[in-house]
Amino acid sequence: GVQPFGGEGKSGTGPKAGGPLYLKRLQKNPTIAFSGNPIYEKQAPVALDAFTVWAKTHGHTEVATLAEHYARQNPYKMSMLLPGPTGETNTLAFAARGRIFCAAKDLATLLNQIAATLATGNTAVLEPTTRALLPQDLPALVLSSLTTASVADAHAQIALLARDVAASYKLEFAAQTGAIVCIVECDAQTELPLWRLVAERALCVNTTAAGGNASLMSLQS
């Protein structure tokens, strides 16, 4: 939890070394409890609110409950101050990863995938046969956060795969060149790990080399 470091994209596909999520990435079923000092005001994405209302009014009570939980627990746009043992200021922020590939055979699992994607500010990239499962009356705000593409054209950093279709898609993603796509298997009832769907961005401000006086680091004419 001190001064996280590591790349993003091709140079880093998971939590940053030294960050609060690093050891969790190595556990099978981790429980996330963020340490540090949060310095943000949490607000669920508007598209997630629209999705939750739609789910409640259309009989999808289980996914509505999950969506409400995601709204409370998601780290999207969260910032926190981490310890600075040598006097530096370390700030960690969580941002959307971008495109999340989703594949499922049943609507309930797909709706869970969409809820998690919306909660983290990402775009859901639906495999064409998966897209055919979508109801026609989804809110416009939700539809604007969805797109359709095959594995080859997904350009996704994360893939949410229903357990009954995961095997074949894993082979397709493994055959691709470029950045490794992280795979998360899921079903309709299981809470998705939202921390896997966000990127960690760390900022370290260190003035200790100048005795803590930042003005000594500026040039004077």
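**A guided conversation on the predicted model**

Visitor: What does K56 count as, at 48% relative accessibility?
Guide: K56 counts as partly exposed at that 48%. Under 20% relative accessible area a residue is buried, over 50% it is exposed, and partly exposed lies in between (1.4 Å probe, protein chains only).

Visitor: Where is confidence lowest, and where is it highest?
Guide: The lowest mean, 58, belongs to strand 1 (residues 37–38), and the highest, 97, to helix 3 (residues 107–119). Helices (H or I, at least four residues) and strands (E, at least two) are DSSP runs numbered from the N terminus. Across the protein the average pLDDT is 85, and 86% of the residues score at least 70.

Visitor: How many helices and strands are there?
Guide: The protein has six helices and nine strands. Of its 221 residues, 42% are buried.

Visitor: Back to K56. Which side chain does it meet in a salt bridge?
Guide: K56 pairs with E68, at 2.4 Å from N to O. K56 belongs to helix 1 and E68 to helix 2 (residues 61–73), so the pair ties together parts twelve residues apart in sequence. A salt bridge here is a side-chain nitrogen of Lys or Arg within 4 Å of a carboxyl oxygen of Asp or Glu. E68 is partly exposed, at 27% relative accessibility.

Visitor: How many salt bridges does the structure hold?
Guide: It holds three. One of them joins K170 and E185, at 2.5 Å from N to O. K170 is in helix 6 and E185 in strand 8, so this pair connects parts 15 residues apart in sequence. Another joins R163 and D187, whose closest N and O atoms are 2.7 Å apart. R163 sits in the loop between strand 7 (158–162) and helix 6 (166–174), and D187 in the loop between strand 8 (182–186) and strand 9, 24 residues apart.

Visitor: And E200, which strand is that in?
Guide: E200 lies in strand 9 (residues 198–205). E200 is buried and has no salt bridge; the nearest side chain of opposite charge is R97, 7.1 Å away. For charge, Lys and Arg count as positive and Asp and Glu as negative, with His and the chain ends not counted.

Visitor: Which residues is E200 in contact with, then?
Guide: Contact means heavy atoms within 4.5 Å. Leaving aside neighbours within four places in sequence, the contacts of E200 include E8, P15, K16, L92 and F94. The side chain of E200 also reaches the backbone nitrogen of K16 at 3.2 Å.

Visitor: New topic: how many disulfides are there?
Guide: The count is zero disulfides, a disulfide being a pair of cysteine sulfur atoms within 2.5 Å. For C102, the nearest cysteine sulfur is that of C186, 7.7 Å away. C102 is buried, with a relative accessible area of 0%.

Visitor: Last one: where is T52?
Guide: T52 is in helix 1 (residues 46–57). T52 counts as buried, at 9% relative accessibility. The side chain of T52 reaches the backbone oxygen of L48 at 2.8 Å.

Terms used. Residues numbered from 1 in each chain as written. Predicted model: local features only at pLDDT ≥ 70, side-chain atom pairs only at ≥ 80, totals over all residues. Heavy atoms only, no water. Polar contact = N/O pair within 3.5 Å; in protein donor to acceptor, adjacent residues only side chain to side chain. pLDDT = per-residue confidence, 0-100.
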